[in-house]
Amino acid sequence: MSEQLLIETAYRDRSALGDARAAVLDTIGRLDAGEIRVAEKIDGAWVVNEWIKQAILLYFGVTDMEVMQSGPLQFHDKIPPKQNLAEAGVRVVPPGAVRYGAFCEPGVIVMPGYVNIGAYVATGTMVDTWATVGSCAQIGSGVHLSGGVGIGGVLEPPNARPVIVEDGAFVGSRCIVTEGALVEEGAVLAANVTITASTPIIDLTGEERVEYRGRVPARSVVVPGTRPREFPGGTAHLACAYIIGQRSARTDDRTSLNEALRAFELSV
């Protein structure tokens with residue numbers, strides 16, 4: 001029986017977990033090594049490998065709580081911190097942490113932030129101070145997650161898409177991206193933008209406004225906002241996000257990002 005089938009069987013029937021233990025441990029090891037991913041882009045569309053998320057959930061059932069030491073720091077958990085960072089070419093600044101079962105490509109920098117199990121962070125990306133990359137989140141190359149950014153984790157249900165931030169995106173300070181939202185390639189989120197599966201993302205750049213949910217289109221420049229909604233007790237101004245422009249495709253990403261921030265007077 002294949003590892004995938006063993007894991008899928010044990011997820012449906014926990015009495016089979018003993019038979020699947022080795023498959024679960026091997027799968028998390030492969031996840032930690034970057035050999036497999038929770039989600040991957042195939043023919044332009046993101047596909048969730050549901051059985052790998054099932055393996056992560058089962059992993060908590062086949063491991064025990066233990067005391068772990070990292071220099072002067074002590075932890076008490078079921079999952080150890082990631083090892084061999086120097087060999088992997090990953091810089092982690094104390095007290096930043098990457099959990100076992102997450103994978104960071106060479107060139108990733110993790111300031112005092114956190115990368116959880118199942119996450120994938122591609123080369124050239126910075127996880128800045130107090131930024132968190134939640135379980136199973138997929139972060140592309142050349143991304144900057146600014147200070148205090150919260151990238152939510154999505155473990156359950158296993159078929160749910162994780163949060164995805166594609167190549168070259170810039171996520172400003174204190175932004176929150178959760179519930180499997182997709183930030184497409186090269187998008188710019190100004191400080192304090194919140195994107196969830198239900199957040200209205202309103203494009204104001206055309207003659208007619210266009211509304212998205214759960215997806216920030218590629219190269220969009222996005223700011224936080226509110227819009228009024230009537231309730232029996234009065235009018236409330238509920239959070240939304242506004243697309244106010246596009247990064248220029250005629251210049252390189254670094255230049256166009258700076259131009260976008262200046263032109264739209266965005267805080268980051």
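# Reading a predicted fold, feature by feature

Guide: Let's begin with a charged pair: Glu-35 and Arg-30 form a salt bridge (a side-chain nitrogen of Lys or Arg within 4 Å of a carboxyl oxygen of Asp or Glu), and their closest N and O atoms are 3.8 Å apart. The model is predicted, so local features need pLDDT of at least 70 and side-chain atom pairs count only at pLDDT 80 or more, whereas totals for chains, interfaces and linings use all residues. Residues are numbered from 1 along each chain as its sequence is written, and side-chain values use heavy atoms, with hydrogens and water left out.

Visitor: How many salt bridges are there by this rule?

Guide: The count comes to eight. Another of these pairs is Asp-32 with Lys-82, whose closest N and O atoms are 2.9 Å apart.

Visitor: Are Asp-32 and Lys-82 buried or exposed?

Guide: Both are buried (under 20% relative accessible area; exposed is over 50%, partly exposed in between, with a 1.4 Å probe and protein chains only). In the opening pair, by contrast, Glu-35 is exposed at 57% relative accessibility, and Arg-30 is partly exposed at 26%.

Visitor: What does the pair of Arg-215 and Glu-184 tie together?

Guide: Arg-215 forms a salt bridge with Glu-184, the closest N and O atoms being 3.1 Å apart. Arg-215 is in strand 24 (residues 215–216) and Glu-184 is in the loop between strand 19 (182–183) and strand 20 (188–189), so the pair ties together parts that are 31 residues apart in sequence. Arg-215 is partly exposed at 30% relative accessibility, while Glu-184 is buried at 17%. Elsewhere, salt bridges with shared partners join Glu-3, Arg-30 and Glu-35 into one network.

Visitor: What does the side chain of Glu-166 make a polar contact with?

Guide: Look for N or O atoms within 3.5 Å; within protein, one must be able to donate a hydrogen and the other to accept it, and residues adjacent in sequence count only if both atoms are side-chain atoms. The side chain of Glu-166 makes such a contact with that of Trp-46, at 2.7 Å. A polar atom of the Glu-166 side chain also lies 3.0 Å from the backbone nitrogen of Glu-185. Glu-166 is in the loop between strand 16 (164–165) and strand 17 (170–171), and its relative accessible area of 10% makes Glu-166 buried.

Visitor: In which order do the six strands of the open sheet run?

Guide: Strands of a sheet pair through backbone hydrogen bonds, either parallel or antiparallel. Here the order is 6-9-12-15-18-21, and the pairing is parallel (two strands pair if DSSP finds at least two bridges between them). Strand 6 (97–98) and strand 21 (194–195) are the edges, each pairing on one side only. Strand 18 (residues 176–177) pairs with strand 21 over two bridges, with Val-177 opposite Ile-195. For an antiparallel case, see strand 3 (residues 66–70) and strand 4, which pair over five bridges. Two residues lie between the strands of that hairpin, where Gly-71 takes a positive phi near 60°.

Visitor: Which residues touch the most other members of the largest nonpolar core?

Guide: A nonpolar core is a set of buried Ala, Val, Leu, Ile, Met, Phe, Trp, Tyr and Cys residues joined through side-chain atoms within 4.5 Å. Of the 37 residues in the largest one, they are Val-115, Ile-139, Leu-145, Ile-151, Val-165, Leu-189 and Ile-195. A second, separate core of 22 residues includes Ile-7, Val-38, Ala-55 and Cys-136.

Visitor: How many residues of helix 3 are buried?

Guide: Ten of its 13 residues are buried, leaving the helix mostly covered. The buried ones pack against helix 1 (3–12), helix 2 and strand 2 (45–48).

Visitor: Where are the cis peptide bonds?

Guide: Most residues other than glycine have a negative phi, and most peptide bonds are trans. A cis bond joins Pro-94 and Pro-95, with omega about -5°, and another joins Glu-156 and Pro-157, with omega about -10°. On the phi side, Asn-192 has a positive value of about 75° although it is not a glycine; Asn-192 lies in the loop between strand 20 and strand 21.

Terms used
Helices (H or I, at least four residues) and strands (E, at least two) are DSSP runs, numbered from the N terminus. Contact means heavy atoms within 4.5 Å.
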